[in-house]
Amino acid sequence: MTRRKTMKLIHVGDYVAEVTIEMIYTDDDWSPYLSLEDATKLDDVREALQHKDFKVAQELARVYTLSP
């Protein structure tokens, strides 16, 4: 089993969050996958951005505003 840190981007409206997660690589057919904690973190960041709760989102990820 190998673990590798990577970044996932979550896009909600005019905002993007860059979330650091750990991908788990194994020899089975379902590889790679996330831990339950990382999946919950992604959901929490997405929900915080949807409710414009930037304080919570910034505790879990880097948050950026998109502009043309």
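1. Let's start in helix α1, which spans residues 36-50. Asp-43 and Arg-46 sit 3 residues apart there, so about one helical turn separates the two. Their side chains meet in a salt bridge, with 3.2 Å from N to O. (A salt bridge here is a side-chain nitrogen of Lys or Arg within 4 Å of a carboxyl oxygen of Asp or Glu.) Asp-43 is partly exposed, at 43% relative accessibility, and Arg-46 is partly exposed too, at 34%. (Buried stands for under 20% relative accessible area, exposed for over 50%, and partly exposed for values in between, using a 1.4 Å probe and protein chains only.)

2. A word on what you are looking at. This is a predicted model, in which local features need pLDDT of at least 70 and side-chain atom pairs count only at pLDDT 80 or more, while totals for chains, interfaces and linings use all residues. Residues are numbered from 1 along each chain as its sequence is written, and side-chain values use heavy atoms, with hydrogens and water left out. Helices (H or I, at least four residues) and strands (E, at least two) are DSSP runs numbered from the N terminus.

3. How many salt bridges does a search of the whole structure find? The search finds 3. Side chains of opposite charge can pair when their charged atoms come close. Arg-3 is partly exposed at 47%, and Glu-22 is partly exposed at 24%.

4. The salt bridge between Arg-62 and Glu-18 has an N to O distance of 3.7 Å. Arg-62 lies in strand β4 (residues 62-65) and Glu-18 in β2, so the pair ties together parts 44 residues apart in sequence. Is Arg-62 buried or exposed? Arg-62 is exposed, with a relative accessible area of 53%.

5. Of its 11 residues, 8 are buried, so β2 is mostly covered. β2 runs antiparallel to β1, and 11 bridges join the two. (Two strands pair if DSSP finds at least two bridges between them.) Val-12 has Tyr-15 of β2 as its bridge partner. The hairpin of β1 and β2 has 2 residues between the strands, and Gly-13 takes a positive phi near 60 degrees in that hairpin.

6. Which other strands meet β2? One is β4, which pairs with β2 in the antiparallel sense over 4 bridges; here Tyr-15 has Thr-65 of β4 as its bridge partner. Another is strand β3 (residues 33-34), joined to β2 by 2 bridges and also antiparallel. In that pairing, Met-23 stands opposite Leu-34.

7. Please have a look at Tyr-25 as well, a residue of β2. Tyr-25 is partly exposed, with a relative accessible area of 28%. Leaving aside neighbours within four places in sequence, Tyr-25 is in contact with Met-1, Thr-2, Arg-4, Ser-31 and Pro-32. (Contact means heavy atoms within 4.5 Å.) How do sequence and space compare for Tyr-25 and Asp-53? The two are 28 residues apart in sequence and 33 Å apart in space, C-alpha to C-alpha.

Notes: Contact means heavy atoms within 4.5 Å.
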